[in-house]
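Subject: A structure for you to look at

Hi,

I am passing a structure on to you, with some notes on what turned up in it. Please open it and follow along as you read.

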Amino acid sequence: MNFTRDDFPKGFLFGAATSSYQIEGHAQGGAGPTHWDTFAATPGNVVRAENGALACDHYHRYEGDLDLVRDANLDVYRFSTSWARVLPEGRGGPNPEGLDFYDRLVDAMLERGLKPAATLYHWELPSALADLGGWRNRDIAGWFGDFTEVIMRRIGDRIWSAAPINEPWCVSWLSHFLGHHAPGLRDIRGTARAMHHVLLAHGTAIQVMRGLGMGNLGAVCNFEYAQAADDSAESRAAAARYDAYYNRFFLSGIFQGRYPAEALEGLEPHLPSGWQDDFATITAPVDWCGLNYYTRKLIAAGDWPWPALREVEGPLPKTEMGWEVYPDGLAHFLTTTAREFTGALPLYVTENGMAGADRPGQPDQPRIDYINAHVDKVRQVIADGVPVRGYFLWSLMDNYEWALGYEKRFGLVHVDFDSLQRTPKASYDALKLALTRSC
Ligand code: GCO
């Protein structure tokens, strides 16, 4: 790596992130069914119809996995809790094994000197709640508040930070408008409702956790730099619409108590009645904001209903996901988030990383270059006064990349999905060296 800890302010934190369904092995330990299990079982949704039933078997191998986090000299482990593992039916009686698992997991982090950064929801909705309309049903805010209370009463005393929902855009737009993730809907009314209810659930969970006396609570959103594909007024307007519903809708809701005009243009007719009255909950104060960033998109106008846009293939080098490598976008979002939304609030890069065609023993230079280029931007914006306090990699190890199955490898650690053997990649070794503590 081209950086060390000493290049960052004292107390700057480095971490790695994972999520429950992507690594744990959801068929184990009494977890209830989720909408990802049935989405994956429906032909055409997921590459080879792969699911998270076994994944990395982190459920049984978490001790070794946390050793890897510690041995990389990382400070923070960002993990998520599965709603259906804790409450198999989404509501009602908890699964004692599930609560015990997260209890052990948090203790195992603390034993290794790692700061546990919890995300309450990273996409595996209990099927029983999906049957009731899932994120389209306003009641989900209350169900989510109850889940928050059950899990945090058990582990909330020992976690370092908590965020309710990973990437509201993916929970709503990607899953209800584009249909690429569970529940695989393509419906603008469902999308608008999900976008709003995700934020209502976020605010409700923040209030529940405050009520339990917890601190260091945040929000984690994902961002894609929206660039007009050409200089035309039509493309510029299309890119502005993309930016509004992707990048600004959720920050505006949480930090400003309103939605951007360019997003309301298309979504307002579909929002639930009385949506304006929910901002008192949605704006429940948070202590930090997390940004997940991977790439940019080139956007042009499209001759069809709102948002009337299309993506155009860009010229920059791409990762295995087909995503352009564009580190300037990270600097852009850190700077504009602080300037327009969060002011002096600490910012964290809660996810950044790339999928590579990795095999053990092969050079892992593209990932090293990717990390270097993005960490460099973090360093630059800190020098400009942006309050970035940490940088976390996606991901600790190769895992279930949702609709793309096990094919796309984001890990610092290679996982052989037959033997489940873990093998650190060159990027892991380089990071470990970069983060060595001098004393
Ligand atoms: C996301 C999620 C992760 C993904 C990762 C790569 O940002 O989409 O948090 O679950 O695996 O981002 O796509």
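Helix 7 and helix 9 meet through a set of side-by-side residues: Ile 140, Ala 141, Phe 144, Gly 145, Thr 148, Glu 149 and Met 152 from helix 7 touch His 197, Leu 200, Ala 201, Thr 204, Ala 205, Val 208 and Met 209 from helix 9. Sorted by class, this contact has nine nonpolar, four polar and one charged residues. Please keep in mind that the model is predicted.

Two packed helices are described by the angle between their axes and the distance between the axes. Helix 7 covers residues 140-155 and helix 9 covers residues 188-211; their axes come within 8 Å and cross at roughly 35°. The crossing of helix 7 past helix 9 is right-handed.

Helix 13 (residues 328-342) packs with helix 14 (residues 365-383) at an angle of about 35°, and their axes are 8 Å apart. Helix 13 also passes helix 14 in a right-handed crossing. On the helix 13 side, Asp 328, Leu 330, Ala 331, Leu 334 and Thr 335 make the contact, and on the helix 14 side it is His 374, Lys 377, Val 378 and Val 381. Here the residues divide into five nonpolar, two polar and two charged.

Next, the ligand. Which residues surround it? They are Gln 22, His 122, Trp 123, Asn 166, Glu 167, Tyr 294, Trp 323, Glu 351, Trp 394, Glu 401, Trp 402 and Phe 410. For three of these there is a distance to look up:

- His 122: a side-chain N or O atom is 2.9 Å from an oxygen atom of the ligand.
- Asn 166: a side-chain N or O atom is 3.0 Å from an oxygen atom of the ligand.
- Trp 402: a polar side-chain atom lies 2.9 Å from an oxygen atom of the ligand.

Taken alone, the ligand exposes 320 Å², and the protein buries 94% of that.

Last, some backbone details. Most residues other than glycine have a negative phi, and most peptide bonds are trans. Trp 306 and Pro 307 are joined by a cis peptide bond, with omega about 10°, and Pro 307 sits in the loop between strand 6 (288-301) and strand 7 (309-312). The peptide bond from Trp 394 to Ser 395 is cis too, with omega near 10°; Ser 395 is in the loop between strand 9 (388-394) and strand 10 (413-415). Trp 394 is also one of the residues surrounding the ligand. Finally, Asp 57 is not a glycine, yet has a positive phi of about 50°. Look for Asp 57 in the loop between helix 2 (35-40) and helix 3 (58-71).

Enjoy exploring!

Conventions
Residues numbered from 1 in each chain as written. Predicted model: local features only at pLDDT ≥ 70, side-chain atom pairs only at ≥ 80, totals over all residues. Heavy atoms only, no water. Axes fitted to C-alpha atoms, helices over the stretch in contact; angles between N-to-C directions. Helix = DSSP H or I, 4+ residues; strand = E, 2+ residues; numbered from the N terminus. Left-handed = near helix turned anticlockwise from the far one by under 90°. Contact = heavy atoms within 4.5 Å. Nonpolar A, V, L, I, M, F, W, Y, C, P; charged D, E, K, R; others polar. Near = heavy atom within 4 Å. Polar contact = N/O pair within 3.5 Å; in protein donor to acceptor, adjacent residues only side chain to side chain. Areas by Shrake-Rupley, 256 points an atom, 1.4 Å probe, with all protein chains shown as cover.
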